[in-house]
Amino acid sequence: MRERLLSYVSQKGTLLEPDAVSYLLSKDDPVARLDRLLASLTGTPLVVTLRDVVEAEEIARRAVASARAGPEAPASFARESGRAADHAPDVRIVRDITGHSTCEGTAEDFTRYFRHRFHSLSDLLRSRRELSGAQDIAKAKRSTREVRLLGMVADVRATKNGHRILDLEDETDSVSVLLPADSAVASEPVVRDQVIGVVGSMNERGLLIAQSIVPPDLPTSRPWPAGRDPVRIAFLSDIHVGSKTFLEDKWSRMREWLQDGDDLARSIRYLVVSGDVVDGIGVYPNQDDELAVDDIYGQYEALARHLADLPDHMSVVMIPGNHDAVRPAEPQPALPVSVQKLFDSNVIFAGNPSALEIGGVRVLAYHGRSMDDLVSNLPGTSYQRPMDLMKAMLRMRHLAPIYGGKTPIAPEAEDHLIIQEVPDIFVTGHVHSVGVDRYRGVVLVNASTWQAQTPYQKMRNIEPMPARLPIVDLATGQAIVRSF
Ligand code: D5M
Ligand code: FE
Ligand code: ZN
């Protein structure tokens, strides 16, 4: 955390007195606290002192207290729309790869990566009652009774009679598992490299006949966190600034609504942007023909201007996607400092994926490239229904289970694509669709796009649903979508 705080300080072009460093590190969210402090000052000081920090916190505390309990605030304040401008920003990056990448892509990296994936997800599975007493595959294969085991899926194939056969592996052995077509397990989504539990019985030919498939999944429904500020969070994705198909007129309409709009507009305190923020350069063949801005910094500068035109009280968190100027392999780090410095200080940069805490609500933000692989491996799913793909990710507790498909994955020491903590909100973009839904208490958001249909998408029959703004109330979890 110390390293992160200090690199943030130098990135902001200031220094922090040693006492101020110790003070901030003794609190939760040191970076967010410092960010709030800097935002409250006019101009960046050469040195930030302990006194600056303590005074700024006191002022912020008083401002929040008076907004909550001021004479105009009615008793039911928490259930009404708050004014975003009255609430101090509260954004924390809980987990992302930025500054932590270690992999070089060696054979040892791959082995270590998969071992971490297997062990982390096995730990989650072992806490499931259905899998208590699960055995090693080597031992289970010698059993003649019902067996319970855990493994990573090495292969999934369909037989000509419509059954599915999985090859399941652990560190001791591998076994073939039959998922009969006419059984309860027929509809369970299963993909390569996923970690699952199986309950079944061995037949005389050494084939495990599955009675049930147990994915790690989420615990059954949780309540929405209580006591959050009555402000809202809006979601953007796939803005693709720099493309000829960027919908500038629709963007302007949204900007006008945010600036002059109703109570709803005024309650939006945070914006989360889920990647493909610009169109990029050389992302696909002959992209030049479709670019309005053919310089990558020019594209980010244009985006920075568009964001600067939004109301000043909005805090923005931005993660990259496959069109952005960072490595394509996931997990992707935050955009480089050379890009970050083009933006105002209300924009916070995080990796893809990122576990965030915004106004005390846990937000898992992921661009969503793995949906290209899931849609082609899960029968019955489609680009029009990204919510089904997001639910599959939550059931698998993994954002990009399939290795070696269209989604490039960097074999980091730890698998950052595992859904370790259960979020309150899970947001993706990438498929240029839109939707809000709920799965076991988690609010799901697919955050639309601000790009019209491209020639490539037309060829592939991908119908985008652009210029929609999903909005979630932090106090209640209630989600709506506004069209522009
Ligand atoms: O992706 C925009 C949409 O186009 C999204 O639905 C995926 C689809 N797409 C883009 N590239 C590919 C490839 N190579 N295969 C399959 N589908 C694709 P965007 O990331 O904005 O280009
Ligand atoms: Fe996109
Ligand atoms: Zn994308």
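Here are a few notes on the metal site and the ligand beside it in this predicted model.

1. Some housekeeping. Residues count from 1 along each chain as its sequence is written, chains are lettered from A and ligands numbered from 1 in the order in which they are written. As this is a predicted model, local features need pLDDT of at least 70 and side-chain atom pairs count only at pLDDT 80 or more, while totals for chains, interfaces and linings use all residues, and side-chain values use heavy atoms, with hydrogens and water left out.

2. Start with the iron ion (ligand 2). Its protein donors are D238 (OD), H240 (NE2), D276 (OD) and H432 (NE2), at 1.9 to 2.3 Å. Donors here are N, O and S atoms within 2.8 Å of the metal (3.2 Å for Na, K and Ca); water is not among the atoms, so sites may look incomplete. Along the chain the iron donors read D-x1-H-x35-D-x155-H. H240 sits in the loop between β9 (232-236) and α7 (248-260), and D276 in the loop between β10 (268-274) and α9 (296-308), 36 residues apart. Helices (H or I, at least four residues) and strands (E, at least two) are DSSP runs, numbered from the N terminus.

3. Now the zinc ion (ligand 3). D276 (OD), N322 (OD1), H367 (NE2) and H430 (ND1) coordinate this ion at 2.2 to 2.3 Å. N322 is in the loop between β11 (315-319) and α10 (337-340) and H430 in the loop between β15 (425-428) and β16 (434-439), so the pair ties together parts 108 residues apart in sequence.

4. Which residue bridges the zinc ion and the iron ion? D276 does, and the two ions lie 3.2 Å apart.

5. Finally, ligand 1. There are 15 residues around it, and N322, H323, H430, H432 and Y456 come nearest; a residue counts as near if one of its heavy atoms lies within 4 Å. Oxygen atoms of ligand 1 lie 3.1 Å from a polar side-chain atom of H240 and 3.0 Å from a side-chain N or O atom of H432. The protein covers 84% of the 460 Å² of accessible area that ligand 1 has on its own (Shrake-Rupley method, 1.4 Å probe).

Notes:
Polar contact = N/O pair within 3.5 Å; in protein donor to acceptor, adjacent residues only side chain to side chain.
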